[in-house]
Amino acid sequence: MENKKIAIVGPPNVGKSSIFNNLSGTYVTVSNYPGTTVEIFKTHIKLKGKDYQLIDTPGMYSLWPLSEEERVARWILLKSSPDVILQIGEAKNLEKTLMFTLQLLEAGCPLILVLNIMDEAKDEGIHIDIHQLENILGIPVVETVSVRNIGIGKLKEAIINAPATTEATFLQYSRSIEEAIGAIASYIKAQYTIAKRALSVLLLGEDPEIQNIVRAREERQDFEKIVQAKEQLKRKISQPLEYVVNVALQEKAQDIAQRVTKSKKKKERNFSRLLGDLTLKPLVGIPLLAFFLYFGIYKLVGVFGAGVCVDFLEGAFEKYVSPFFVFIFQKIIPFEFIRNLFVGEYGIITLGIRYAVAIVLPIVGIFFFVFSFAEDTGYLPRMGAMLDRLFKKIGLSGRAVIPIVLGLGCDTMATMVTRILPTRRERIIATFLLSLSVPCSAQLGVIMAVLSQKGWALAIWFLVISSVFAFSGFILNRILKGKKPSFHIELPPLRMPRMSNICIKTYSRLKWYFKEVLPLFIWASVFIWVGQITKLFDIVIAALAYPLRGVGLPDYLAKVFLFGFFRRDYGAAGLYDLNKQGLLSMREVLVAAVILTLFLPCIAQFLMNLKERGMKLSIGIALFILFFSFSVGFVLNNILLIVGIP
Amino acid sequence: MERLTDKEEEILESLWVEVEESAKTPDIGVLRDEPALEDLIEKGFIDRQKEKLLTEKGLKEAERCVRRHRLAERLLADILYVKDPLIHEASCKFEHGLHHGLEDNICTLLGHPRTCPHGKPIPEGECCKKFEKIPQRLIVSLKELVPGNTGKISYINTQDTQTLKRLISMGILPGNQIKLLHRFPSFVFEMGNSNFAIDKDLAENIYVLLLQTGPFNKKGGKRWRHGLK
């Protein structure tokens, strides 16, 4: 017999991932902002000797999806037909949680309701009568505080004893709607994972996905009749059905919530509330943002990560690790050209692993740490609220702060996270900006370290990159068709992050990152090695030298650019190497830094663009960037020459 | 201004809906023996020769009738909390009393709503065109509140399903209490035990019944724009 499936559903930021972690003992990133679970996580768990498959889903608020994330979540729910569904909701938002519960129950889902973050609800003076709630809903209800592992034992018991729920009807609509539901239900002949009545309600809304599923499985004339019933109803009610249904859901949920909740007088503004409120005032929020960028990104990632840590690790690597491997390989491999693959100038160990471990790891690691910290405090959505107006100018909303800031860590990961943006237009703009003008942390760190010797050079670099960012976003916003974005985000309370959580998160992100990066670093070494033997490497480098001469850069930078195509950070690390040897003038470093920042997205990001945005768009973006980055370099170089900077 | 009978107003109203909203050619066959129809023709509101039947004068008057009807519906639904099935019937009676500028007062009180509770557009009146909002208003859009104001959500004023779904996903539904915390750079409000941030365009769609008297932003956001420049 197949293992029973358990699916975890619920809105973002209520602790789905942390429940997943508690149940499975493995780690998924847990965060205090919407949209971390973009990949679907599955794992096997054992409860009382029985095997289960546990599935985590992206955030969803209801069975009517709004964003791509929610579509994915619902798709999983419909496709996998789980044996148990754990609906996670915030205890202090019982009413909103119940709206989704009622929808799931009407759909006939075998449900366990998990009221998480119970501690915050208690702090707010909210008491929920669990037994009464269980009686009303007819399903098990469990209280938990997942970050402290409270209530997980009970939850496991509830899963083991989970009854198969049957369809329940809680809502009664107006007569014309009920008639339409009845008519549609009578035309539905095939078996679906959700109950007929609930499916009929979904069919009455504007929901192409559900329509396609049903169209594929019903006889043609039946489907036509369904469409007819829907059109008929549309003429009778002029409000969108989603609205009518939600109003009914809300009334019922409110009614239940009021019956089971005892609310003591709310505590007056506590410190965290006050602080959270302050961060939303421009007078505090903007300096705080500046502080975050200066201290978090520049000081920690740039100066400490790329400066101190890299210097130390690089020194150690070159002094001890490289010589050690050179020595070993000299002993075991007598042929120099094979030895070169591992410990030569471009060797897997002496170059690939050195770059990955000594240059990229400390920078990216520290960035992810800073990002996870900001995320766990609940600061990121506030940053979105602060920047929304500015982001609207470039066709994005405040929500895009999350992928863009994450892009400062790793553009590949950030491109994946653009899924949290609601419209295709926003996703295209964000993908483009990430590809062109958002440097990843390794790049950023190295560039800051290289340029920080001269403050003006860093300032020029920053100015050029941010103008390109703003300008290209502005233009895209003008030329792309489609609706302008709209912005809404939930602001979680400011929470003091738990160090253990931040570390786990940083670790799991780094793990993802290295799984993505290390193979590419190694492949790069292999390709270069093959290229060297076949002389192909020299030909490409020689060819690349021409455009470089055009923008006033020396020929030997060609290999840095070639590296840059394998990984952005790989190219930046190459620049770091050359600069350390003192081969480059400030003008050359500056122009190279600008071009490398804007330059083609690295292979990993290009592949992610392909996956997320499709072939045509990705190639278009890549070609444009190739041409554009060199043009900017050309202009900058000439300006610098005119001004008289060598 | 000559006063029309209730029946006459009803006829004009239904003709207007057919001509303007359903874009159908109206048929008055069923009304053949209706004396009110003859009166309307006599008074110059209807001309049998015209394809659309309504004369220019008739069209104007008919639009006003529709406006009164839909405003009445809004008033009943939002302020008097009349439930949906009763609204239409009640407002059919109610509308005929709304003359001599009374409809403009109601329109102003409601904050110049653009749609009736069923989502159909309300024809604009003089008062909407001027858009001079008087401070006694009870129902205002979230955009016009000042931080600290509390209100009960009364309706969502949008025809766009995406926008509607977005608002619903946050739990913005009639009856919920809302408190505005900030209005710049984003609109931040508290609802239930959660805080949300939204942009001006979304805030504009949410209409609330003010729960406390006190100052609110009369100029509706303009102040901020001036302040910024």
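1. A word on terms before we start: a polar contact here is a pair of N or O atoms within 3.5 Å, where, within protein, one must be able to donate a hydrogen and the other to accept it. Residues adjacent in sequence count only if both atoms are side-chain atoms. Please also keep in mind that this is a predicted model.

2. How much area is buried between the two domains of chain B? The figure is about 850 Å², and carbon and sulfur atoms give 40% of it. Domain 1 of chain B brings eleven residues to the contact and domain 2 of chain B brings eight.

3. On the domain 1 side of that contact, helix α3 (residues 56-79) of chain B gives the most, with three residues. By class, this side of domain 1 of chain B has five nonpolar, three polar and three charged residues.

4. Now to the interface of the two chains, where chain B and chain A bury about 3,500 Å² between them, 51% of it on carbon and sulfur atoms. In chain B, the residues that lose the most area to chain A are R166(B), P185(B) and N193(B), together 19% of what that side buries. The contact takes in 37 residues of chain B and 43 residues of chain A.

5. For polar links between the chains, the rule finds 13 residue pairs in polar contact, both residues at pLDDT 80 or more. There are also three salt bridges across this interface. One salt bridge joins K483(A) to D160(B), with the closest N and O atoms 3.1 Å apart.

6. Which elements of chain B give two or more residues to the side that touches chain A? They are α7 (161-170), β3 (177-182), β4 (187-191), β5 (194-198) and α8 (200-203). Of these, α7(B) gives the most, with eight residues. The residues on this side of chain B divide into 16 nonpolar, twelve polar and nine charged.

7. Finally, do take a look at the strand pairing between the chains: strand β9 (residues 488-491) of chain A pairs with β5(B) in the antiparallel sense, over four bridges. Within β5(B), N195(B) is the bridge partner of L491(A).

Technical notes:
Residues numbered from 1 in each chain as written. Chains lettered and ligands numbered in written order. Predicted model: local features only at pLDDT ≥ 70, side-chain atom pairs only at ≥ 80, totals over all residues. Heavy atoms only, no water. Contact = heavy atoms within 4.5 Å. Buried area = accessible area lost by both parts, 1.4 Å probe. Salt bridge = Lys/Arg side-chain N within 4 Å of Asp/Glu carboxyl O. Nonpolar A, V, L, I, M, F, W, Y, C, P; charged D, E, K, R; others polar. Pairing = 2+ DSSP bridges.
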